[in-house]
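Visitor: Hey, could you walk me through this one? I'd like to start with the terms.
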Amino acid sequence: MTLQQTLRGAADIVGSLPHARVSPVDLGLALRSAAGGDYHQAQAALEAFASYLDTKAAGSSQWVREWSKPRSRDEVAAELRAASQNRDGRVMAARTQDEIVTRIHAVGETDLFGFRTEVLAAALDFEHVREFLKDGVTETDWHQVTDRENAAREYYQFALGKIRHHRGLSAERSVLKLAEHAWLLGQDDVVAAMDEAPYPPYGAPKVRAFAQGFDLVWPGDAEMTRMAAGEPCTPGCVEGCLR
Ligand SMILES: [Zn+2]
């Protein structure tokens, strides 16, 4: 049984409860029942649901983790259904706040210019980002990126421009950043595919690996097609492909 099936089953169970408001206990029981009594499956589905909620709005998974007030049955059922319908569970695998903090500490040493840290920190809520901020930055100054899929898509478009216009340093930076976007969305396979792809010219094969991992369109023109394959944009490129 997949997590999606468990979440969908729990959505049906919660949706048919007789009371209009449900508690986290009701949610737990519904997941357990939908998982056929398999505690580990129910727990994994609960974690997936919590991380889905956090991806939508930071900290909103608090409700499922604590003894908290009941919430609207229909809302909870709808959220469970939405979580189950995430394509391939992509969003559900998104990294938690604590995982991101751990990674920032881990990449710190090697992230000389802070490009990777910049992407990672942007996904943190104020409570978690505070240790990395300069003194005096307040909660109202901080703007957390909550729609990570959209941020990744937008950054991909930016990275394409760096390749097309042969911007050496910016292209390097955008490859580093894109890999962190993929990591934030929990897509280790995409990160690995980017690692394995060759770099020249201008990181095009790596960015192409990112695009394939997220089903994003790669530009159809001849230059970008050749670059994605690791070839110069034109056979006689004088702008850097052959250097
Ligand atoms: Zn070129």
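Guide: Two residues are in contact if their C-beta atoms, placed from the backbone, lie within 7 Å. Helices are DSSP runs of H or I with at least four residues, numbered from the N terminus. This is a predicted model, so local features need pLDDT of at least 70, side-chain atom pairs count only at pLDDT 80 or more, and totals for chains, interfaces and linings use all residues. Residues are numbered from 1 along each chain as its sequence is written.

Visitor: Which residues of α7 are buried?
Guide: In helix α7 (residues 115–122), R116, V119, L120 and A121 are buried, meaning 20 or more other C-beta atoms lie within 10 Å of a residue's own.

Visitor: And what covers the buried residues of α7?
Guide: The cover includes α6 (97–107), α8 (126–129) and α10 (168–184).

Visitor: New topic: how do the axes of α2 and α3 cross?
Guide: Helix α2 (residues 24–34) and helix α3 (residues 39–56) have axes that come within 8 Å and cross at roughly 125°. Axes are lines fitted to C-alpha atoms over the stretch in contact, with angles from 0 to 180 degrees between N-to-C directions. So α2 is oblique to α3, the class left once under 35 degrees (roughly parallel), over 145 (roughly antiparallel) and 65 to 115 (roughly perpendicular) are taken out.

Visitor: Which residues meet there?
Guide: G28, L31 and R32 of α2 meet Y39, A42, A45 and L46 of α3.

Visitor: What about domains?
Guide: An automatic or database assignment gives domain 1 (3–93), domain 2 (95–145) and domain 3 (147–243).

Visitor: How many residues link domain 2 with domain 3 by contact?
Guide: 7 residues of domain 2 touch 11 of domain 3.

Note on methods
Helices (H or I, at least four residues) and strands (E, at least two) are DSSP runs, numbered from the N terminus. A residue is buried if 20 or more other C-beta atoms lie within 10 Å of its own, exposed if 12 or fewer, and partly exposed in between; C-beta atoms are placed from the backbone.
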